[in-house]
Amino acid sequence: MKSWLTTTDHKRIGLLYFWTAFVFFLIGGLEALIIRAQLARPEGLGVSAETYNQLFTMHGTTMVFLALMPLSAAFFNYIIPLQIGARDVAFPRLNAFSYWVFLLGGLFMNASFIAGPLFGAGRLSVAPDAGWFGYANLTSKQFSPGPNIDFWLLGLQVLGIASLAAGFNFIVTILNMRAPGMRMLRLPAFSWMTLVTQFLVITAFPVITVALVLLMFDRFFGTHFFIPAGGGDPILWQHLFWLFGHPEVYILILPAMGIVSEVLPTFSRKPLFGYTVVVYSGVLIGFMGWGVWSHHMFSVGLGPIADSVFAGTTMLIAVPTGVKIFNWIGTLWGGQIRFTTAMLFAIGFIAMFIIGGLSGVSHASPPADLQQTDTYYVVAHIHYVLFGGTMLGLFAGMYYWWPKMTGRQLSESLGKWHFWLTLIGMNLAFFPMHFSGLLGMPRRIYTYAPELGVGGLNLISTAGAFLIGLAMLVFLWNIVRTRRSGAAAGNDPWGGATLEWAMSSPPPVYNFTVIPHVASRVPLWQTEHHAPMTPLPATPPAPIHVPGGSWWPLFTAFGLPTMAIGAISHQLWLVLVGVAVVIVGIYRWAYEPFEM
Amino acid sequence: MPLVLVAVLLVLTACSGPFPQSVFAPKSDFSTEIDSLFWNIFWWAVVVFLIVETLLVVAIARYRARPGAATPKPVHGHTALEIGWTLAPALILVFIAVPTMRTIFATAGHAPEGALRVEVIGHQWWWEYRYPTLEISTSNELHLPVGTPIQVEMTSADVIHSFWVPALGGKRDLTQGRTTRIAFRADSSGEYWGQCAEFCGVSHANMRLRVVVQPDSAFQRWVDRQRAAPVAPARGSLEEKGQQIFRRSACIACHTIAGVSPGKVGPDLNHVGSRATIAGALFPNNSESLHRWIANAPSLKPGALMPPQNFSAEDLDALVAYLQSLK
């Protein structure tokens, strides 16, 4: 127990990230199932408007910030140091700090579900209820007087710190800790996409941080940044939010693209086709992702010039995305494809992401978007991108790296059930939403009139959602069974090309017995110019120093939610206690002796 | 599998009759422009979808691993292919971008001279409409003449809403402190459904609206009736008793009836009896819904500002009769 609380081992932190994010993913999924049950027929099944608005807000917020991002972070933590030939990340204690802040921020936000009585709210749940996008001026004190929005903005602030700390950590790690010979263009594609993602994190999160600070001032200190009656502008919030929010979309999808770029070559037994193009298109997407935010705002009425410019940039970003898809198909072409579960999920990713990408092009066109935005058509689009894309990619990563992370292989037969149920379920759930949206069903409504004629489509969507739920039960069963009696993995169950497969599963605490010298992009494979890397010795030839754990990251992390709790309960002294905890924690952390 | 779904759903949606809020039945120049642009993009998307998914399926079908096969040749890339599949999507996007730009400017929200001006004001959770040149106002049910250019100018009294009537055009947000515009010309008479499309708080789902597009003569009759003073009830009638109850009640603080009450918070009731629906186009305007609505509005529409009213059954009957008489 103590060893887990004080751990600075990137592998243990990776596992902590994984399990925590997975639990949040299941919670977000349950929220989705209640939403779908309510919408199964017109006029609902009795979920109140208040509860429904909390559920869709928390579903979006949870999936984006507490499930998809940290599930990617689990792989960053576990896999990146192994792929680049490092013993750990650059700042192991900062890494532990990131995790604890993420955990506490997530718990703080979800505590809103039961915190009602503390605020005399007259109901149990005071969860955030203004959508994951939290549009001003609905979030102002006037229109949202309860603590709901405070939970949201303070929780996101805390989570942002976790993301920023991790972002800097991984940039430094990937740039500075590569094994000798691993030049940037020998970096595995997953590590490359992680690097791009982290640059987006450290540039995009400050934007949302500023926006949330302004919102906090509006709500706590009576300023009027977003309040038109006081001279402020609610549209400013939309610009700030989407200036963060669109890079955030790429923060969510690029890691999954990286995973797929690892899985496809391994199971096609061919190196990634057009590696440099895939890498550069990822970098280009990262840059272009900054110039498209107003395509979320075509209905605002920004004028024909602004609409045209953002339509143009948005359509352009489809080009590097398309290039990636062609290169993945190029990787498959001429290969020896093995249909493992990981591979099925990776192929599923491509097939579904194409659909999400094409519907994306249809709302890159502002006039067309005026009929689509804020309808279920867009709900279909984001779920093809974030479930069909990111989530299928993450499942591919889970099946691919599970043996490395746990030493045991997930059952392939249960895995195939998991895959097919997920694929069928998601298409049943999300495909009809294109139609319910275009037939006139707006998003974020807890009820709809039977006369709209979309009851049947919604029933299909609900059935699909529950099928996805069933698929998750199969996956859970697979995890439990594998824990008890999964086949031992060995070093390299798949015949992978990258360094993580050169060591035992799970790897020893020091990772590499000897830091390898890297001579090619696929160090474990035979190429025209290079023989496979010689196997690492089973035991380290010289003793390897591994730093011990530290309590201070955990201690320091507690300061942040303490500040948030102080702020939300309007107890200044508690805020100051939180500040003191952070200062003392950082001081002790900085002067902690190297050995424990 | 998505293709099968497309087929099934296309059949399902082919008949546009029972879908009053569908985007597939455009009834104005604005919505027709969008519709043709959408189908242009749709068919390009279908072409790309078929090409790419076919390549994917062919690849996984052709190159499945066979026992004993040699390790595939490690191909690292192909410059001509990379250039090709960069340029091809870029070229297709040109065919989408050009009509897009044309449509953006064609539907920029400015009606020609002589258009009928309509102001739409969003409230949590109902719509206020003003016709400044006709000097009338109404709520939730917008009446428009067919064939006349309409200039819609929109703003919000509170949070951001979005005015969306799919048959007549794309949606546009209503923001406090700003004026946004759309313009269109309805090309056939009918009753078109719409609703708020921007999440605006607890009863966002219940902020619906109707647009009644009428031939000129019918529209003119409707305007004349709206301009007339509210009907005065006959002496000694049930309606008159209702009017007295109305005068004494809390209703007057929020609702306008010309000559009776000055309230400005809720929808005006001058001609409430002539509307087809109440409560933001949520319920049919009949005696039963009026009874339930006045007795306890928040139970029917969460968050509604109108508190439950404690009238005796007789008083409520009289009040409902009075409201229904305000044609």
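Two residues are in contact here if their C-beta atoms, placed from the backbone, lie within 7 Å. With that in hand, let us start with chain B, where 65% of the contacts between residues at least 6 apart in sequence join residues at least 24 apart. In chain A, 80% of the contacts between residues at least 6 apart join residues at least 24 apart.

A word on what you are looking at: this is a predicted model, in which local features need pLDDT of at least 70 and side-chain atom pairs count only at pLDDT 80 or more, while totals for chains, interfaces and linings use all residues. Residues are numbered from 1 along each chain as its sequence is written, and chains are lettered from A and ligands numbered from 1 in the order in which they are written.

Chain A has 16 helices and two strands; helices (H or I, at least four residues) and strands (E, at least two) are DSSP runs, numbered from the N terminus. Its C-alpha trace spans about 70 × 55 × 50 Å along the principal axes. The radius of gyration of chain A, 24 Å, agrees with the value near 25 Å that a compact globule of 596 residues would have; it is taken over C-alpha atoms, and the globule rule is 2.2 Å times the number of residues to the power 0.38. Of the 596 residues, 63% count as buried. Buried means 20 or more other C-beta atoms within 10 Å of a residue's own, exposed means 12 or fewer, and partly exposed lies in between, with C-beta atoms placed from the backbone.

Now pick out helix H6 (residues 189-221) and helix H8 (residues 275-288) of chain A, which pack at an angle of about 10° with their axes 9 Å apart. Axes are lines fitted to C-alpha atoms, for helices over the stretch in contact, and angles run from 0 to 180 degrees between N-to-C directions. H6(A) is therefore roughly parallel to H8(A), a label for angles under 35 degrees, with over 145 being roughly antiparallel, 65 to 115 roughly perpendicular and the rest oblique. Among the residues that make the contact are A:Trp192 and A:Phe199 of H6(A) and A:Tyr275 and A:Gly282 of H8(A). By class, this contact has 10 nonpolar, two polar and no charged residues. Ala, Val, Leu, Ile, Met, Phe, Trp, Tyr, Cys and Pro count as nonpolar, Asp, Glu, Lys and Arg as charged, and the others, Gly among them, as polar.

Further along chain A, A:Trp589 lies in helix H16 (residues 572-590). A:Trp589 is partly exposed, with 17 other C-beta atoms within 10 Å. A:Pro553 is 36 residues from A:Trp589 in sequence, yet 7.3 Å away in space, C-alpha to C-alpha.

Back in chain B, there are eight helices and 14 strands. The radius of gyration of chain B is 27 Å, well over the 20 Å that the globule rule gives for 327 residues, so chain B is more spread out than a compact globule. Its C-alpha atoms fill a box of roughly 100 × 50 × 35 Å along the principal axes.

Finally, see how the chains meet: 80 residues of chain B are in contact with 78 residues of chain A. H2(B) gives the most to chain B's side, with 15 residues. By class, that side has 49 nonpolar, 20 polar and 11 charged residues.
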